[in-house]
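Reader: I'm new to reading protein models. Could you walk me through one, feature by feature?

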Amino acid sequence: MYDECRQRVWAYVVSRAGRQVADEVVSETFAIAWRRLDDVPEHALPWLLGVARNVLRDSVRAEARREALAAELRCWTEGDVADEVTERLGLLRALAALPEDDREILVLVAWHGLSPKEAARVVGCSSAAYRVRLHRARKRLRQAMAGEPADGSRRGEPAQPSLSHVRNLSEEWS
């Protein structure tokens, strides 16, 4: 069976995937045939081509999973993790410094994913009133991130932390 069919299975695999993987797929195909020798029909070529096709499909899927994992890992390692942690910590501190009502207004939209209309129902006000409250809460959050007191007056020369999180959250919350 091997002598009769190897070249044709190899040619099939080359036509589908190229020479680089053909030897490996052909080897795997005949290993499967050996393990399932009782299942191989008298005219083995169609069966072997089906097995080779499945081996190719499985290798393509495995490669796609490897690439997806590699892409995910690249996303995790891009940039400096310390910068992101510092920005997140600054944002959480600023959020904690806000009054409870402002935190609730911001969190309903940003973390719970509610639309302003849905969030307005939660807090028991009109959609227009909620949008005004949301605008004011965002402004106070930006001020807290910049180290300014809630009334807008400046205390000396505060260090300006990165406001990228606030800008991104502001866009998400819109």
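Predicted model: local features only at pLDDT ≥ 70, side-chain atom pairs only at ≥ 80, totals over all residues.

Reader: What counts as buried?

Author: Buried means under 20% relative accessible area, exposed means over 50%, and partly exposed is in between (1.4 Å probe, protein chains only). In this chain of 174 residues, 29% count as buried.

Reader: How do I read a pocket?

Author: Rolling a probe the size of a water molecule over the atoms shows where empty space is left. A pocket is an open set of points on a 1 Å grid over the protein atoms alone, where a 1.4 Å probe fits and protein lies on both sides within 12 Å along at least five of seven lines; lining residues have an atom within 4 Å of a point. Grid points are joined across faces, edges and corners, and the volume is the space filled by probe spheres set on the points. Here the largest pocket holds about 210 Å³ of space.

Reader: Which helix gives the most to the lining of the largest pocket?

Author: That's H3, with six residues. Helix H2 (19-35) and helix H3 (44-77) each supply at least two residues of this lining. Among the lining residues are Val21, Glu24, Leu56, Ser59 and Arg66. For classes, Ala, Val, Leu, Ile, Met, Phe, Trp, Tyr, Cys and Pro count as nonpolar, Asp, Glu, Lys and Arg as charged, and the others, Gly among them, as polar. The lining then has six nonpolar, one polar and four charged residues.

Reader: And what is a salt bridge?

Author: Look for a side-chain nitrogen of Lys or Arg within 4 Å of a carboxyl oxygen of Asp or Glu. By this rule there are six salt bridges. One of them joins Asp39 and Arg36, at 3.0 Å from N to O. Asp39 is partly exposed at 43% relative accessible area, and Arg36 is partly exposed too, at 39%.

Reader: Which partner does Glu100 have in a salt bridge?

Author: Glu100 pairs with Arg103, and their closest N and O atoms are 2.6 Å apart. Both lie in helix H5 (residues 100-110), three residues apart, which is about one turn of the helix.

Reader: How far apart are the closest N and O atoms of Asp102 and Arg140?

Author: They are 2.5 Å apart, in another salt bridge. Asp102 sits in helix H5 and Arg140 in helix H7 (residues 127-145), so this pair ties together parts that are 38 residues apart in sequence. Asp102 counts as buried, because its relative accessibility is 6%, whereas Arg140 is partly exposed at 27%.

Reader: Where does Gly147 lie?

Author: Gly147 is in the loop between H7 and helix H8 (164-173). With 30% relative accessibility, Gly147 counts as partly exposed.

Key. Residues numbered from 1 in each chain as written. Heavy atoms only, no water. Helix = DSSP H or I, 4+ residues; strand = E, 2+ residues; numbered from the N terminus.
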